[in-house]
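Trainee: I am new to this structure. Please show me how to read it.

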Amino acid sequence: FLVSYKNYDNIKGSILYFIILLLPLFLILGNGITNSALAIVFIIYIIECFRNKKILFNNTFEFKIFVIFYIYLIFNSFISNNIESSLVRTTGYIKYFIFVLVYLDFFKIYKKYLKVGIVWILIIVLLNFDIIYQSIFGKDIFGYDTGNYARNSGFFFDELIAGGYLLGLSFLSFSLINFDNRIKFSYLFILLCLLACILSGERSNTIKFLIIFFLFSLLILNINPKNIKKYLLIFIISIISISSIVYYKSEQLKIRYFETISFSSNNNLSLVDQYLTSAYGAHTLSAYFVFKENYLLGVGNKNFRFECNYVEDKVRKVQTEIDQSNINLPSGCSTHPHQIYNELFSEHGIVGTILLITLILILIINRLKNRNLSKLNIVSLLYLIVVFIPILPAGSFFTTFNSTLFWINFLFFLLNEKIKS
């Protein structure tokens, strides 16, 4: 990939290094900056294909799977209920596949894990402190107020996605540095991220964070088997301590994490009915009715936002059967159905969902066949797994923010390199 023309190659290498070094910052600055950075990587790839007079990486297993993945997305757009809308949003998705292929090659040549990890951790620590500051004073260091003391976004301002950011990058960043003998520092950093994640008010991402934290403690940190009980106790005490502080300090956070999510005033509803009368339940009902009418191939990528309007009456009917006295039940219509399987089944149907999940599993299994997994690979895999946890709400899989986090982790899962401490 990195061939002749020394000056050009040096510039190209520097650009790629700069992009991966500051990618977490680009995510904070917004989708426009992130997409521009990914577009530059794509352009560099195209230039290299012309220079080498061939399609690069086309002999790799990952390339072939990515081609099938992308062809399917384009096919799905052409058969969707709103071709133009779906196609506009899908065409550019190729940039994530090129990003993974280019940086797999990049890290084989430039062993810059430590510097990347340090910069990423610094960015994350600054975000953590801004979220904590915002939770205490009501505004972040730039004076931004979310208007909801239970939701602290830090540098993300009106985008309430800080918890997802911390989930996707905290463990990954620390693993890039690989502090084998710094267990106490590991816990301090991760606990700081956990506190910020809780303060973000993102319940689903906090649960996912705790799942990875627990497995991270068992599988990744070099804990002497004799001390496992000791560190498990420390883990439990740490979680209880942070949760207690948050619980008693903020009434709004206490309500958000421990009160019902239902919009119904009926306190005698079952758990299922409470869920169905919540915003998440309304989205699930919408996704179900959209899927029911397009069960084979779905309505097309990014088209739930249009089709949900046609099933609002059906959603309302189910909700009113549960609670006839409440007229303030949430609408099931949104830009996406807030759960990955709701999104996949409603927009891609049974065929598309099985195909997409199968392609991702093929890539994962192919990497697992090589048992030479590093801690970085395992941490990345843990993130990929929690993304597909059922029931728990999630952002849209195909948005710039979530796709970037997903494919960054996929990149480091596929990377077959041992990282020195």
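The dialogue below goes from the whole chain to two residues.

Mentor: This is a predicted model, in which local features need pLDDT of at least 70 and side-chain atom pairs count only at pLDDT 80 or more, while totals for chains, interfaces and linings use all residues. Residues are numbered from 1 along each chain as its sequence is written, and side-chain values use heavy atoms, with hydrogens and water left out.

Trainee: How many helices and strands does the protein have?

Mentor: Helices (H or I, at least four residues) and strands (E, at least two) are DSSP runs, numbered from the N terminus. Here there are 18 helices and zero strands.

Trainee: Is Ser264 buried or exposed?

Mentor: Buried means under 20% relative accessible area, exposed over 50%, and partly exposed in between (1.4 Å probe, protein chains only). Ser264 counts as buried because its relative accessibility is 9%. Ser264 sits in the loop between helix H11 (251-258) and helix H12 (271-276).

Trainee: Which side chain makes a polar contact with the side chain of Ser264?

Mentor: A polar contact is a pair of N or O atoms within 3.5 Å; within protein, one must be able to donate a hydrogen and the other to accept it, and residues adjacent in sequence count only if both atoms are side-chain atoms. For Ser264 the partner is the side chain of Asp323, at 2.4 Å. A polar atom of the Ser264 side chain also lies 3.0 Å from the backbone nitrogen of Asn266.

Trainee: Where is Glu347?

Mentor: Glu347 belongs to helix H16 (residues 340-368). A polar atom of its side chain is 2.9 Å from the backbone nitrogen of Phe304.
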